Amino acid sequence: MCDASVRRALSQLAQRLGLGLPPSLPQPVRGLQAGQVEVPRPQFQGSLQALGRVHLVLVVAVPDRCLWRAMLQAQDPEGEARALGRRLTYLIEAPAAGVVGGLGFVAAPMRLRARDELINWSPRARGANLEPVLSNDRFLILADVRVPNLASHVLSLAAR
């Protein structure tokens, strides 16, 4: 997990100091790559009831991880940009359409002045209470899925 933040910080530091870095070594390829996975293109327009029982599937297996990344590359305005730190990702599935989107959460930042001041967290209180706090950093419903109230339904499932 720290490799990514170190690489980013080193790159930014080198840029600020006007230094050149040698090219990065290629990372080992593990399993499928996002480009090898076809992004589902469900075309569904209807009610939440017609979509069927929506459920969240935790992304653990390599094929699901590649599907998640491919969906972001194809349809998210930010692309596959990854947040640093611990992460939980879910595929959103429904019987009538299959995979209809994805949802991602990351661990909350250790220090965030505006948050800490708003809720009057001292350093001690932050340390005691930060672990259950997380950020919803990605929420994608695929482009051709048109279901009123689907987004709020998915967020309520995630909250449960």
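Here is a short talk about the terms used for this model.

Modeller: This is a predicted model, where local features need pLDDT of at least 70, side-chain atom pairs count only at pLDDT 80 or more, and totals for chains, interfaces and linings use all residues. Residues are numbered from 1 along each chain as its sequence is written, and side-chain values use heavy atoms, with hydrogens and water left out.

Colleague: Thanks! Why is L17 called exposed?

Modeller: Exposed means over 50% relative accessible area, buried under 20%, and partly exposed in between (1.4 Å probe, protein chains only). L17 has 56% relative accessibility, so L17 counts as exposed. You will find L17 in helix α1, residues 2-17; helices are DSSP runs of H or I with at least four residues, and strands are runs of E with at least two, numbered from the N terminus.

Colleague: And why does N120 count as exposed?

Modeller: The relative accessibility of N120 is 68%, so N120 is exposed too. N120 sits in the loop between α4 (113-118) and α5 (123-129).

Colleague: What makes N149 exposed?

Modeller: Its relative accessible area of 57% does, so N149 is called exposed. N149 lies in the loop between β6 (145-146) and α6 (150-159).

Colleague: What is phi of N149 near?

Modeller: It is near 70 degrees, a positive value in a residue other than glycine. For N120, phi is near 55 degrees, again positive in a non-glycine residue.

Colleague: How much of the protein chain is buried?

Modeller: Buried residues make up 28% of its 160 residues. The protein chain has six helices and six strands.
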